[in-house]
Amino acid sequence: MHELEPIFNPRSIAVIGASRREGSIGHSVTKNLIDGKFPGPIYPINPGSPEILGLKAYPSIGDVPEPVDAAVYCVPADKVLDVARQCAKAGVKGHIVITSGFGEVGNKKDEEELVRIAKASGGRVIGPNIVGTMSNPAKANASFAPVLPYNGQTALISQSGALIIALDTVTYVRKFGVSAMISLGNMADVDFADSIEYYAQDPNTTCIALYIEGVKNGFKFMQAGRWAGKPIVALKAGVSAHGAAAAASHTGSLAGSVKVYQAACNQAHMIWATDLEDMLNKSQALAMQPVLKGGNVVIITNGGGIGVLGSDAAERHGIPLQTAPADVQAQFRKFMPDFGSPKNPVDITGGSGVAGYEGAIETALKCPWVDGVGVFYCETAVTKATDIANAVITKLKESGVKDKPVVCCFVGGAGSVEAGKVLLEASIPYYDCPNKTMSALAALRQAARFSEVGCRVDFEPYADVDKKRAQAIIELARKAGRKALTEPEAKTLFACYGLPVTKSSLATNENEAVRYAQEIGYPVVLKIVSPDILHKSDAGGVRVNLKDAEAVRIGFRTIMENAKRYKADADIHGILVCEMAPLGSEVIVGSVNDATFGPTVMFGLGGVFVEVMKDVTFRVAPISIDCAMAMQQEIKGYPMLQGVRGEKRRDQEALAAVLSRLSQLVSDLDDDIAETDANPILVYEEGKGCRVVDARVILKRR
Ligand code: ADP
Ligand code: MG
C-alpha cells in the first residue's frame, strides 16, 4: 500500500473538531463527507456533543473503537499539536490539517513539530492551512469546499486553497473531469513531488494538473515529473523577475524565475500552462485522449474561416499542418462538393451535413498518414451541432482507433455549447475556439515527445576534469576575502573543466607584458585585472590587436592610466596578456544558482541579441550534449549559427560541449559558485571550435 493512501484514499475518517454549529469548518467537513456519500465510517470528534449530524460522536480520537485511516483537523492552531499526539497514539496515519496559523504567519516551529509527531508514528501530514482533500473514486470530500467535483480523470493539485474552492463548481459548468482535488497549503510535509508520485500510480488518474506558487525542493520536484510517466500540466503563478535585481553577472540579470521554472518544468517533462484557462484546456485533452505520436494533424471543417484560424494556431503551437498526400486527398474528396478542399484543412464546406463529417472522420481515423484529428464545426442553419457531436462519437467508437487523439472545435451558440457537453461526456475534448483546440493538440504532441527525448538523466560526467584544482582556485580567492574570481582565475577554473579559454599570462610590469606577448605570439590583447573593475571595457581596460612590443608597452601604460582614472584606489593585480582570438560569431554562455532548482546554465547570442532582445534560454544543470544542442536550436537567433549570407555552419558541437562542461562545473561546485559568465565566446565554422574570450565567476556567500 502506498504511504499516502490514508490521505488520498482513506477508508475511514475522523473529523477532529466536528461541530453542530452551521458555518463552522468542523460542521462543513462532516456534512460534506456525509453528502458526498463517503462509504466508510465517519467519526466526528468533539468532547461536547454525543451526536453530530446523525453520527455518533466521540470525545477524543482515542475513544474511537476501530482503527482510523485519516483525521481531518478542524481545531484552532493552539490545539493542533495535542491533537497530533493523540492521533499518532491512536494509529492514525493520514493527518489532513485544515487549520491555519503556522508557517504562513511565521510559526515554522509548530509546523515542524507537527510533522515530526506524525512521522514518528509512520504518518504523513498534508497542510497545514488547506481547504482539504477531495477524491471522487473514494467518494471522500474531506474538505470545506462545497461538493465533490465533476467526476473524471485529472488530479488537480493546488497550492492555493481558494482556487480549489473556486474551481470546484467550475468543473460542473465546464464538465472538467476530476479524480482528485488536493489543497497543499504550506506543504510542511506532503508536497508537489509526493502528490505527483501518488497520482502517477493511481489508476483513476490519467493527467495531473499543478497550480504552483513555489516549489520547495526543485530536485525532488523534477525527479517526480520525470518518473511519473503520465502527462503533467504546470501552471506557475508569480512569474515576475525575482532576484534578478540582485544578480551581479550578466546571466544573473537575465535569469528571473519564469525562464528557470519553465526550463525546469520542461526538463521534468511537464507541460507549461500560461494561465488558468490554458491549464484546464490542456488537462482536459491530456486526461481524455491518447498522445499525438506524429506531427500530421488533419483539420476537418465545414467553415473555411475557422479552418484557416486552426491552421494558424497549429503553427503557433508548434504542430504546423501538412498538405495531405494525393492519395489521402482523393479519399477525402468523396465527402465534399467540388468547391470543397481536401488538402488540409479538409474543408467539406458549409452545406455538409452529418454524412459529410462521418465520411471525412472515418477516412481520417483509418488513414495511416494521419496522426491526430481536429473536428471543426461552424454552427449553421442546415445542421444541428449535437448531430455532428454524435457523429464524432459514433465514428470514433466504430473505428476502434485508440492511438489517435480527436479534439473538437465547435464555434456557435447554445447549440454548440450543448454539443460540447455531449462530447465531453463521451471523453472527447471540446473547445469553443481554434486557438484553444490546437494548443490542446500541441500539448498531446508535447506529451508524446517527452517519452522520446531525455535531457538530464542521460548526462554523462566528463572524466577529464580537475575538481580539486578548481576548488583550490576558489579557496585562494576566498582567503583574499573576495566574492568574485579575477579573469585569469576564472579562466583557469574553466580550463579545469576543459573549456577552451584563450591563452593568457598575468603581467605586473611592461617588460613582463612584452615577454609574455612574445611567448604567446602577436597579435595580443591586454586587459586590466582588478577585483574593483568588473566591466573592463567601461574602464578603458581592454586593448585588442596589439601587433608588436611597442604597442604592448603603450597599451600597458594606457590601461594603467585609464584604470586609475576610473577608480583611483582600485586594487590592481596587473594586466592580462592574452592570445588574440580570430573574429567569430559572438555568443554568451553563463550560469546562475537558482534558489529552487540549483545550478542552471544559460545560452544566447552575444551583443544586441542578448542585451536588447533577451534571446536566451536556460536549463537546470547538468545537461547532456543533446540538451545543449537543443538549447541552441531554441533561440530565435539560431539561424545565425546555421550560417547566414554564405557563411558556413558554426561549430555547434564545440559550443554544446562548452555548455555541457560548464553545466558539470557549476553542478560540481554548487556550494561555491553563484554565477558565471563566459561573455563573449567566439564560435568558428564547423570543425574549428570556439574560444572563451572573457570569463567571470561570482562566488556564493558563506
Ligand atoms: P569586458 O566584458 O569586461 O568589457 P572582455 O574581456 O569581454 O571585457 O573584452 C571586451 C571585448 O574585447 C570582447 O567582447 C571582445 O570583443 C574583445 N576581446 C577581448 N579579449 C579578446 C581576445 N583575447 N581576442 C579577441 N577579442 C577579444
Ligand atoms: Mg566580456
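Colleague: What makes a contact a salt bridge?

Modeller: A side-chain nitrogen of Lys or Arg lies within 4 Å of a carboxyl oxygen of Asp or Glu. This is a predicted model, and it holds 40 salt bridges.

Colleague: Why is the contact of Asp278 with Lys282 called a salt bridge?

Modeller: The closest N and O atoms are 3.0 Å apart. The cut-off is 4 Å, so the pair qualifies.

Colleague: What separates Asp278 and Lys282 along helix α9?

Modeller: They are four residues apart in helix α9 (residues 276-288), so about one helical turn lies between them. Both Asp278 and Lys282 are buried.

Colleague: How do you know that Glu51 and Arg20 form a salt bridge?

Modeller: Their N to O distance is 3.7 Å. Glu51 sits in strand β3 (residues 51-52), and Arg20 in the loop between β1 (13-16) and α2 (25-35). The pair is 31 residues apart and links distant parts of the chain.

Colleague: Why is Glu51 called partly exposed?

Modeller: Its relative accessibility is 34%.

Colleague: What about Arg702 and Asp672: is each buried or exposed?

Modeller: Arg702 has a relative accessible area of 69%; exposed means over 50%, so Arg702 is exposed. Asp672 has 8%; buried means under 20%, so Asp672 is buried. Their side chains meet in a salt bridge at 3.1 Å, N to O.

Note on methods. Residues numbered from 1 in each chain as written. Chains lettered and ligands numbered in written order. Predicted model: local features only at pLDDT ≥ 70, side-chain atom pairs only at ≥ 80, totals over all residues. Heavy atoms only, no water. Helix = DSSP H or I, 4+ residues; strand = E, 2+ residues; numbered from the N terminus. Buried < 20%, exposed > 50% of the residue type's maximum accessible area, 1.4 Å probe, protein only.
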